[in-house]
Amino acid sequence: MTKYDVLTIGNAIVDIIARCDDSFLADNGIIKGAMNLIDADRAELLYSRMGPAVEASGGSAGNTAAGVASLGGRAAYFGKIASDQLGEIFTHDIRAQGVYFETKPLESLPPTARSMIFVTEDGERSMNTYLGACVELGPEDVEEDVVAQSKVTYFEGYLWDPPRAKDAIRAAARIAHANGREMAMTLSDSFCVHRYRGEFLDLMRSGTVDIVFANRQEALALYETEDFDAALNALAKDCKLAAVTLSEEGSVVVRGDERVRVRANAIEQVVDTTGAGDLYAAGFLHGYTSGRSLEICSKLGNLAAGIVIGQIGPRPMISLATAAKEAGLV
């Protein structure tokens, strides 16, 4: 028996979300659709130029944990915050979702991370992230008993930016595998893949990571190819299981010679794509840790992603468990 279905490890970030047009991005040197790492001065500058904004706890893996909990799964989370106002917001929000979160906060600088997210009219989000306290996440924050009691431990590729987090992930992988559990990761974004392509491939090929989540662009970047089928075949060879999202085309899952394609759910309006990949992973992992078929896992992922892009913010505002039941998926 396990205590948790999914443990996620990531950058604990409070999102500050505002709408803008494409010219704002150009005028401020923001790469559209990417996660841009910024320093404290840049964070202050962009914040001063933002229009009306919504504050919401985020961070890729935190969003996934919240999604798992909303689906009725047992979720836990490791992520570093500081003892400040944003840290209190983050702690309250993730615990209120029903997620176990006891990572010890920093008592000094740097402050809790924040991401200024600019959403354009097409729903695309451009993230500008000051990592702050996140860079202090280290092996001492890995709670061995929690890892040992989690069916799957999932981490975000963004964690490869702060150096000490790599040691934490490797420590978690050793504990997970020693207890017969699995490790999963998301490639996070294509810019992250370009930075750490060799290391990501080594994590997969060494068996440190069992399950990989990616979107089409990230999969192509990982194998430096424009041939998507070739990328899928390489993924199938390099890891036990991979799930790749394809935006409006749905998703495809590869496991050995097996290929499972599932169409996307019909969406009335794309409001904000922030958290779409995170919630797909939540739905998929909830299904996977519940022993569902790969098709149902994918459908749960598509359902959760479809719901979150119809709202502002990366965490579900309705019960995903209720939505999944109404859709006949659980």
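Me: Hi! How far is the sulfur of Cys297 from the closest cysteine sulfur?

Reply: Hello! This is a predicted model, and in it the closest cysteine sulfur, in Cys239, lies 15 Å from that of Cys297.

Me: Is Cys297 buried or exposed?

Reply: Cys297 is buried, and its relative accessible area is 0%.

Me: How many disulfides turn up in the whole structure?

Reply: Searching the whole structure gives zero disulfides. Cys134, for example, is in none, and the nearest cysteine sulfur, in Cys192, is 13 Å away. Cys134 also counts as buried, at 1% relative accessibility.

Me: OK, switching to the fold. In what order do the nine strands of the open sheet come?

Reply: The order is β6-β5-β1-β9-β10-β11-β12-β13-β14, and the pairing is mixed.

Me: And which are the edge strands?

Reply: Those are β6 (100-101) and β14 (258-262), each of which pairs on one side only.

Me: How many bridges join β1 to β9?

Reply: Five bridges link β1 (residues 4-9) with β9, and the two run parallel.

Me: What about β9 and β10, parallel or antiparallel?

Reply: They are parallel, again with five bridges between them. Phe155 has Met185 in β10 as its bridge partner. Between β9 and β10 the chain passes through helix α6 (residues 163-178), and this β-α-β crossover is right-handed.

Me: Next one along, then. How many residues of β11 are buried?

Reply: Four of the five residues of β11 (residues 211-215) are buried, so this strand too is largely enclosed by the rest of the structure. On one side, β11 is joined to β10 (residues 182-186) by three bridges, running parallel, and Ala184 stands opposite Ile211. The chain gets from β10 to β11 by way of helix α7 (residues 190-205), in a right-handed β-α-β crossover.

Me: How does β11 pair with β12?

Reply: Strands β11 and β12 (residues 241-245) run parallel, joined by five bridges. Asn215 sits opposite Thr245 in β12.

Me: So where does an antiparallel pair come in?

Reply: Strands β13 (residues 251-255) and β14 pair in the antiparallel sense over five bridges. Val252 has Arg261 in β14 as its bridge partner.

Me: Last topic, pockets. What volume does the second largest pocket have?

Reply: The second largest pocket has a volume of about 160 Å³.

Me: Which residues line it?

Reply: The lining consists of Val54, Ala56, Ser57, Asp93, Gln97, Gln311, Ile312, Gly313, Pro314, Arg315, Pro316 and Met317. By type, six are nonpolar, four polar and two charged.

Me: Which strand gives the most to that lining?

Reply: Strand β4 (residues 53-58) does, with three residues.

Note on methods: Residues are numbered from 1 along each chain as its sequence is written. This is a predicted model: local features need pLDDT of at least 70, side-chain atom pairs count only at pLDDT 80 or more; totals for chains, interfaces and linings use all residues. Side-chain values use heavy atoms; hydrogens and water are left out. On a 1 Å grid over the protein atoms alone, a cavity is a set of points where a 1.4 Å probe fits but cannot get out, and a pocket is an open set with protein on both sides within 12 Å along at least five of seven lines; lining residues have an atom within 4 Å of a point. Grid points are joined across faces, edges and corners, and a volume is the space filled by probe spheres set on the points. Ala, Val, Leu, Ile, Met, Phe, Trp, Tyr, Cys and Pro count as nonpolar, Asp, Glu, Lys and Arg as charged, and the others, Gly among them, as polar. A disulfide is a pair of cysteine sulfur atoms within 2.5 Å. Buried means under 20% relative accessible area, exposed over 50%, partly exposed in between (1.4 Å probe, protein chains only). Two strands pair if DSSP finds at least two bridges between them. A crossover is right-handed if, with the strands pointing away from the viewer, the path from the first strand over the helix to the second runs clockwise.
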